Amino acid sequence: MYINTKRDVRSVEEIDMINKEVCSTGIRELDFQMSGGIPLGSTVLVTGCSGSGKTTLCMQYLFNGAQNDDHGVFFTITEPLFKLTKNLEGFSFYDKKLIESGMVNIIDLRIISERLGLDAEKYTVEDAGALLDILKDIADELNVKRLVIDSITALCYRLQSREMIRDFIFKLGTSLAAMNCTTLLTSEVPPQTYKFSQYEIEEFISDGIIFLGDIERRGDLIRTLQVVKMRGIAHSRAKFAMNISAERGLELVPLLKTSDVESLLRR
Amino acid sequence: MMVDAIIEGIKDRVAVAIKVNQSVGIQVPENRHTDLLETLFNFMLSNPNDTWAFVTASDTYDHISKTFKEVSEHTNIKFIDCISRAAGISEFHDNCIYIESPTMLEIAGLEIMNTFQGVEDEVDKYIVIDSLSALMIYNDSEIIREFVSILMSRARSQNIHIISILMEEEVDSNKLIQMNDKIVVLRDSFIE
């Protein structure tokens, strides 16, 4: 069905999309690709290999949100807090006051595990369930609108079997869907692969997938970003070159389409 | 060095061409490259209210700033150095943005356009690419063609003028220089 206005013709679906509430990432070009941002309440998998920019993207998302009064929480299981904040200090989007005021909370899940008396290296189903409950309580308590888990891969790594991982991921999906926040889950994949997750289940609980990769051009690696999936909105599926700078954080620019002949021959 | 009359001649010619046209390609013999740079920097310094992004892939910024000392003192010129890091030079200057490698054309393009962020509409804005021939050492000519084409489109949309330099000796340069609205050919002793 189409509605004819004086200015142009838009489909009802398009109008619905325009009206849909989205959570701006604060990364201008990324928001533009997603018709303004991530649909509110979505769970998005941010996937990429080590050093691809997953943590930076998530942090920029949290700090930009906090500038607009969205409380955020970052659960880390891979990096100690001091190291994480030290790496952030160089970025202009980092504002220590937002951490001090409680707008952005960075929590080490391993410390919570210890306090719960859990074995930090190996989780049982009950342990994982308890951790999920704590995670939900913290999010509710802090009135969090933006939540990040870095990384779902490391979290699942502590579970003993594939079945446990599958059950945990589905429980996580259900818990996140019930929370009133927009979530980013980081997912580690090996370099130079077009794979979204380690356990190949994570993508099924996700409403969106943002893939961070790289392309090789004459031996140099150029970072790339691609929105592979984002339920509920029209989004670009084009691959963008990505730059990470202290001044502006993540920046995107369309990737040049012409393939380098030498790189093609090497593939 | 060329005689002053010729330098003045190029300066006038380029000044007129770039005011009238959105993009100007300057073809120059390699042995006249330094003279052309001197002319362009003179032009930039005599127009301190304009904003310039100078992309260098031929010479390092360090070398340019030592050769043309006044240039580094002018904040209206932002340098984007595509060659220093690839050459293993780790010098750092506030007035220059260093691109990791001349193959990272997208990042160079991003930094070029960032130069003009916040610059008022009424200010004249220019991009100089020095040179397409140098970029072609590190990239295929087709990808340079795409890079220039996209850069020109973005520049046009923001009313930014582009001057691209090409070495006369570069045999594959013909297609690239034809992309410009105006071509100025500089010979050893006269301007065509």
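Biologist: Why is A:S245 called buried?

Modeller: The relative accessible area of A:S245 is 13%. Buried means under 20%, exposed over 50% and partly exposed in between, calculated with a 1.4 Å probe on protein chains only, so A:S245 with its 13% is buried. Before we go on, please keep in mind that this is a predicted model, in which local features need pLDDT of at least 70 and side-chain atom pairs count only at pLDDT 80 or more, while totals for chains, interfaces and linings use all residues. Residues are numbered from 1 along each chain as its sequence is written, chains are lettered from A and ligands numbered from 1 in the order in which they are written, and side-chain values use heavy atoms, with hydrogens and water left out.

Biologist: Where does A:S245 lie, and in which strand?

Modeller: A:S245 belongs to strand β12 of chain A. Helices (H or I, at least four residues) and strands (E, at least two) are DSSP runs, numbered from the N terminus. Chain A has ten helices and 13 strands.

Biologist: What does the side chain of A:S245 reach, and which residues is A:S245 in contact with?

Modeller: The side chain reaches the backbone nitrogen of A:R248 at 3.2 Å. A polar contact is a pair of N or O atoms within 3.5 Å; within protein, one must be able to donate a hydrogen and the other to accept it, and residues adjacent in sequence count only if both atoms are side-chain atoms. Leaving aside neighbours within four places in sequence, A:S245 is in contact (heavy atoms within 4.5 Å) with A:F91 and A:E251.

Biologist: What makes A:R248 and A:E247 a salt bridge?

Modeller: The side chains of A:R248 and A:E247 meet at 3.2 Å, N to O. The rule asks for a side-chain nitrogen of Lys or Arg within 4 Å of a carboxyl oxygen of Asp or Glu, so this pair passes. A:R248 is partly exposed at 26%, while A:E247 is exposed at 61%. Shared partners join A:E247, A:R248, A:E251 and B:E111 into one network of salt bridges.

Biologist: Is A:D108 buried or exposed?

Modeller: A:D108 has a relative accessible area of 8% and is therefore buried. Its salt-bridge partner A:R110, with closest N and O atoms 3.2 Å apart, counts as partly exposed at 22%.

Biologist: How many salt bridges does the rule find across the interface of chain A and chain B?

Modeller: It finds three. The side chains of B:E106 and A:R217 also meet in a salt bridge, at 2.8 Å from N to O. On the side of chain A that touches chain B, β11 (220-230), β12 (239-245) and β13 (249-254) each supply at least two residues, and β13(A) gives the most, with four.

Biologist: How much area is buried between chain A and chain B?

Modeller: About 1700 Å², of which carbon and sulfur atoms give 54%. Buried area is the accessible area (1.4 Å probe) that two parts lose on being put together, summed over both. Of what chain A buries against chain B, A:R218, A:L256 and A:T258 supply 34%, more than any other three residues. The contact takes 20 residues from chain A and 19 residues from chain B.

Biologist: Why is B:I129 called buried?

Modeller: Its relative accessible area is 1%, so B:I129 is buried. B:I129 is found in strand β5 (residues 125-130) of chain B. Not counting residues up to four places away in sequence, B:I129 touches B:V55, B:L135, B:L151, B:I162, B:I163, B:S164 and B:I165.

Biologist: What is the mean pLDDT of chain B?

Modeller: The mean is 87, and 92% of the residues of chain B reach 70 or more. pLDDT is the predictor's confidence in each residue, from 0 to 100. The model scores ipTM 0.84 and pTM 0.86. Where pLDDT is low, the predicted coordinates should not be read in detail.
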